[in-house]
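Please keep the sequence and the 3D view at hand while reading.

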Amino acid sequence: MAKLCPKGKAAAKRKFDVYPSAYANMYASAVCSGKVKPGGKKKKKTIKKKTGGGLRKWVGEKWVDIGAPKKNGKYQPCGRKSTTKSKRKYPKCVPLAKAQRMSKSQKTSAVKRKRAKKQGVGGKPTMVKTFKKK
């Protein structure tokens, strides 16, 4: 097997992100044999577009407590200041869009299931499904 010339090796390292690789070695050998002129078009890096899901979406949503609705039909923001000093019961938090789609019976059912479970086991909140399985 013939060694690659330094000119071809250097050209392949400039053009490809990963060296050594099969494609980079093919390019280096083509430069060494004179078939390809070095310094041609550089391989474009592909940039993945971030989709609108996951943690970014979750952080951007407005979370509300469906267990403590206000009199005007709106909801209080999720959470409470202190577990010992607060008069509010344990919150059942959902995104505002989901809260607006839920019926009154679905909301009361979800809050009942949340408050029926022992909360704060091991210092962590207890997760309860928002919708009951049929």
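## The surface around Trp-58

In this predicted model, Trp-58 has its place in helix H3, which covers residues 55-60. Trp-58 counts as partly exposed, because its relative accessibility is 48%, a value that falls between the 20% and 50% limits for that class. Together with Leu-55 and Val-59, Trp-58 makes a nonpolar surface patch of about 360 Å².

## Overall layout

The secondary structure of the protein comes to 5 helices and 3 strands, and, when read along the sequence, these elements follow the pattern α-α-α-β-β-β-α-α. Of the 134 residues in the protein, 22% are buried. The protein exposes about 11,400 Å², and carbon and sulfur atoms supply 58% of that area.

## A cis peptide bond

Tyr-19 and Pro-20 are joined by a cis peptide bond, with an omega of about 5 degrees. Pro-20 belongs to the loop between helix H1 (6-15) and helix H2 (22-33).

## The nonpolar cores

The largest nonpolar core has 8 residues, namely Val-64, Ile-66, Tyr-75, Val-94, Ala-99, Met-102, Ala-110 and Val-111. Strand S1 (63-69) and helix H5 (104-116) are the elements that give two or more residues to this core. Apart from it lies another core, of 7 residues, which includes Ala-12, Ala-24, Tyr-27 and Val-31.

Tyr-75, a member of the largest core, touches Val-64, Asp-65, Ile-66, Pro-69, Lys-70, Leu-96, Ala-99 and Lys-107, when residues up to four places away in sequence are not counted.

Gly-79 has its place in the loop between strand S2 (75-77) and strand S3 (93-95). With a relative accessibility of 29%, Gly-79 counts as partly exposed. Although Gly-79 and Asp-65 are 14 residues apart along the chain, their C-alpha atoms are separated by 7.3 Å.

Notes. Residues numbered from 1 in each chain as written. Predicted model: local features only at pLDDT ≥ 70, side-chain atom pairs only at ≥ 80, totals over all residues. Heavy atoms only, no water. Patch = residues over 30% accessible without salt bridge, like charges linked within 9 Å, V, L, I, M, F, W, Y side chains within 5 Å. Areas by Shrake-Rupley, 256 points an atom, 1.4 Å probe, with all protein chains shown as cover. Salt bridge = Lys/Arg side-chain N within 4 Å of Asp/Glu carboxyl O. Helix = DSSP H or I, 4+ residues; strand = E, 2+ residues; numbered from the N terminus. Buried < 20%, exposed > 50% of the residue type's maximum accessible area, 1.4 Å probe, protein only. Core = buried A, V, L, I, M, F, W, Y, C linked by side-chain atoms within 4.5 Å. Contact = heavy atoms within 4.5 Å.
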